[in-house]
Amino acid sequence: MTRYGYIGLGMMGSAMTENLIRRGGGSVTVHDIDPAAVDAAVSLGAEAGASAAEVARASDVVSICVPAAAHIEAVLSGPGGIAEGVHDGLSVLIHSTVHPDTVLAARDAAAEWGVPVFDACVAGGADNARAGSLTVLAGGLDEMPPAAREVLDVYAGTLIDAGPAGSGAALKIAINVMTYAQFAAAASAHDMVASTGGEPAALLEAWRFMGQLGALTEQYCALLEIPDEHIQGELRTMLQTQAGIATKDLALALELGRTRPGAAGVVQAVQAAMPAVYNVHEANEESE
């Protein structure tokens, strides 16, 4: 029976862990800097690991879902990191949205300990994570040990072979560019229709009929119906967090490459629009 580990219990990590506990068929050991997140996972049936090293010792496959490259480095090689819990048969999956170079650096570092590392970026949101119906974008899929491949089947409704190691990370960044660009377009189009007395629902109906309205964008469009004065408290904090994540992800896109003249300007414009897209821009703050 495969032993699973999960490090990083944010919104996505907690949801993936919940699914893993329910459907994985093996033990699940978790670690996070937030004790409340660990306690929540333990209440569902997970075991708590005091450190990343302890998670590694108790696991055959360790999933990492932390915010940025520095956190991945700390989880792998920092004090109490996975490097201190290495054993035969261990493999590591990185689910974080990071630059492909981060994946390759982690892969090179862990290779010195005999531990294979793969990128398995995820898309689809927390609800799909709980249901085991995420889209998983895997780099190095052909090289994965059976246990690592099996855990992807627990997470995924759709598993996409992105190419060699690092390709899953690149594909996730590219998909995020397309997603956030559609969010920005949706916000602008919504306001165009509403400002002339039109019905925004008709915009969505037309967009859907044309086959161009994605599920994530349709979910996002519900935000556009919330009055500005209601964007306060916990909702505002959550939206500020989402805008920050989007800005970070689009910065990764700008780092990844500027292959077409003028194309980077599009990504920069979408990045600059994110506070307004999530309705936490300065104009909204001044109106409160």
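**View 1. Parallel pairing of strands β7 and β8 in the predicted model.** Strand β7 (residues 134–139) and strand β8 (residues 156–163) pair in the parallel sense over 6 bridges; two strands count as paired if DSSP finds at least two bridges between them. Helices (H or I, at least four residues) and strands (E, at least two) are DSSP runs, numbered from the N terminus. A138 has D161 of β8 as its bridge partner. Together with helix α7 (residues 146–155), β7 and β8 make a right-handed β-α-β unit. Right-handed means that, with the strands pointing away from the viewer, the path from the first strand over the helix to the second runs clockwise.

This is a predicted model, in which local features need pLDDT of at least 70 and side-chain atom pairs count only at pLDDT 80 or more, while totals for chains, interfaces and linings use all residues. Residues are numbered from 1 along each chain as its sequence is written, and side-chain values use heavy atoms, with hydrogens and water left out.

**View 2. Antiparallel pairing of strands β6 and β7.** Strand β6 (residues 117–123) pairs with β7 in the antiparallel sense, over 4 bridges. A138 in β7 is the bridge partner of A120. Strand β7 is mostly covered, with 5 of its 6 residues buried (buried, under 20% relative accessible area; exposed, over 50%; partly exposed, in between; 1.4 Å probe, protein chains only).

View 3. The whole structure contains 4 aromatic pairs (ring centres of Phe, Tyr and Trp, the last by its six-membered ring, within 6.5 Å; planes under 30 degrees apart, stacked; over 60, edge-to-face; the rest, tilted). One of them, Y180 with F183, is edge-to-face, at 6.1 Å centre to centre and 75° between the planes. Because Y180 and F183 are 3 residues apart in helix α8 (residues 167–195), about one helical turn separates them. Both residues of this pair, Y180 and F183, are buried.

**View 4. The aromatic pair of Y220 and Y278.** With ring centres 6.2 Å apart and planes at 75°, Y220 and Y278 form an edge-to-face pair. The pair links distant parts of the chain, 58 residues apart: Y220 belongs to helix α10 (residues 215–221), and Y278 to the loop between α12 (263–277) and α13 (282–287). Y220 is buried at a relative accessible area of 6%, and Y278 is buried at 7%. Y180, F183, Y220 and Y278 form one aromatic cluster.

**View 5. N279 in the loop between α12 and α13**. N279 is a residue other than glycine with a positive phi, near 60°. N279 is buried, its relative accessible area being 11%.
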